[in-house]
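I open the notebook with the coordinates on screen and work through them entry by entry. These are my notes on what I looked up.

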Amino acid sequence: MTAQPIVFSGSSHLLLAEEIATLLGTSLGKREIHLFPDREIFVEILDRVQGSSVFILQSLGGDPNIYLMELFILLDALKRAGAASITIVLPYFAYARQDRLDKPGVPITAKLVSNLLIKAGTDRLITLDLHSEQIEGFFDIPVDQRLSRTLLIPYCRALHLENVVVVAPDKGGIKIASAYAKELDVPMALIDKKRIDPFCVEMRLFLGDVKGKNVLLPDDMCSTAGTLVNAAEVCAKAGAKRIIAVVGHGLFIAEALKKIEHSPIEMLITTNTLPIPPHVRSHPCIRIVSIAPLLVAAMACVG
Ligand code: R5P
């Protein structure tokens, strides 16, 4: 095995891959990826990988179906080229929200994706802020899950907010919210969320007090922003002062940014686990914390 692992990137998030390669003091492995005229994906590994330990970085947001397929094909190409071990680095793990049978006739896509990734040749996974804990157990290979809050909590602390309450926007968010509350040594409140359909939720303040307080609203992700915006409206109605949202994954689907802009959310802090479009990056409400150092620390632990 060569001493220096080789870092390849899919096409989903080259900016983050380059940032990671720079921090590791290396350059990205050479590969060719393009579409055939019939839109099948072509991959060719141009560096020698025989006997080497390799990483593939691919964020599965934005266009998860394409990026997953591209990842399977990269895995296959690297296996066939003789890579000794392959660690996939997935800053954002898609299909994770379908992680249990909540009614008859539905799939568990998080389990399906984990099966497919292993079958395609993954030896080890590094990822960040999985939607739920059980997903780690779907993989019968080593999984190193890092948490964005190790970077986001210090960022929040540096805002020097006073009289803070951390509000969980739904029951699923209690664990994240209690970690923020514990680390920042502030109280917590809870919102009860009922999802009407994929685009609509109903909410009410269920536990705790936000009147006259500065609210920190943490969640694992902001997708359509429905959850955060509705939660912020509940808090504003209940008398909250400033409202700051903080999320690991910023998907910003469809009108998400506009909704945030017109909501009581004063600031949304997130990371670059997904590519952040320039209009989001430069928006006065949005703050981005780079996740690259966390992923590099995890990659450095791979022998
Ligand atoms: C829900 O289970 C998640 O933790 C997030 O609250 C949710 O996925 C966010 O989605 P959206 O931004 O579309 O409300």
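**Entry 1: Lys175 and its partner.** I began with Lys175, which in this predicted model is exposed, with a relative accessible area of 52%. Its side chain forms a salt bridge with Glu133, and the closest N and O atoms of the two are 2.0 Å apart. Where in the chain do Glu133 and Lys175 lie? I found Glu133 in the loop between β6 (124–128) and α4 (134–138) and Lys175 in helix α6 (residues 174–184), so the pair ties together parts that are 42 residues apart in sequence. I then checked the accessibility of Glu133, and at a relative accessible area of 54% Glu133 is exposed; I call it so because the cut-off for exposed is over 50%.

**Entry 2: the two domains.** I next looked up the domain assignment of the protein chain, which gives domain 1 as 6–146 and domain 2 as 149–289. Their C-alpha centres lie 28 Å apart, and the contact takes 14 residues from domain 1 and 11 residues from domain 2. I noted that the two domains bury about 1,100 Å² between them, with 53% of it on carbon and sulfur atoms. Which residues of domain 1 lose the most area to domain 2? They are His13, Tyr92 and Asp129, which together account for 41% of what that side buries.

**Entry 3: polar and charged pairs across the interface.** I asked how many salt bridges the rule finds across the interface of domain 1 and domain 2. The rule finds 1 salt bridge there. For polar contacts, the count between domain 1 and domain 2 is 8 residue pairs, both residues being at pLDDT 80 or more. On the side of domain 1 that touches domain 2, I recorded 4 nonpolar, 6 polar and 4 charged residues.

**Entry 4: other salt bridges.** Side chains of opposite charge can pair when their charged atoms come close. Arg80 forms a salt bridge with Asp76, with the closest N and O atoms 2.7 Å apart. Both residues lie in helix α2 (residues 64–80), 4 residues apart, which is about one turn of the helix. Within this pair, Arg80 counts as exposed at 68% relative accessibility, while Asp76 counts as partly exposed at 33%.

I then turned to Arg204 and Asp192, whose side chains meet in a salt bridge at 3.5 Å, N to O. This pair links distant parts of the chain, with Arg204 in strand β10 (residues 200–207) and Asp192 in strand β9 (residues 188–197), 12 residues apart. Salt bridges that share partners join Lys171, Asp192 and Arg204 into one network. I also noted that Arg204 is partly exposed, with a relative accessible area of 46%.

**Entry 5: Ser12.** I moved on to Ser12, which lies in the loop between β1 (6–9) and α1 (14–24). Is Ser12 buried or exposed? At 8% relative accessibility Ser12 counts as buried, because the cut-off for buried is under 20%. The side chain of Ser12 makes a polar contact of 2.6 Å with the side chain of Gln58, and a polar atom of the Ser12 side chain lies 2.8 Å from the backbone nitrogen of Ser59. Setting aside residues up to four places away in sequence, I found that Ser12 touches Gln58, Ser59, Tyr67, Glu70 and Pro275.

**Entry 6: Thr271.** My last entry concerns Thr271, which is found in strand β13 (residues 267–271) and is buried, with a relative accessible area of 0%. Its side chain reaches the backbone oxygen of Gly248 at 2.6 Å, and a polar atom of the Thr271 side chain lies 3.2 Å from the backbone nitrogen of Thr273. I looked up the surroundings as well: leaving aside neighbours within four places in sequence, Thr271 is in contact with Ser148, Leu152, Val247, Gly248, Ile276, Ile288, Val289 and Ile291. For one of these, Val289, I noted a separation from Thr271 of 18 residues in sequence and 4.7 Å in space, C-alpha to C-alpha.

Terms used
Residues are numbered from 1 along each chain as its sequence is written. This is a predicted model: local features need pLDDT of at least 70, side-chain atom pairs count only at pLDDT 80 or more; totals for chains, interfaces and linings use all residues. Side-chain values use heavy atoms; hydrogens and water are left out. Domain bounds come from an automatic or database domain assignment. Contact means heavy atoms within 4.5 Å. Buried area is the accessible area (1.4 Å probe) that two parts lose on being put together, summed over both. A salt bridge is a side-chain nitrogen of Lys or Arg within 4 Å of a carboxyl oxygen of Asp or Glu. A polar contact is a pair of N or O atoms within 3.5 Å; within protein, one must be able to donate a hydrogen and the other to accept it, and residues adjacent in sequence count only if both atoms are side-chain atoms. Ala, Val, Leu, Ile, Met, Phe, Trp, Tyr, Cys and Pro count as nonpolar, Asp, Glu, Lys and Arg as charged, and the others, Gly among them, as polar. Helices (H or I, at least four residues) and strands (E, at least two) are DSSP runs, numbered from the N terminus. Buried means under 20% relative accessible area, exposed over 50%, partly exposed in between (1.4 Å probe, protein chains only).
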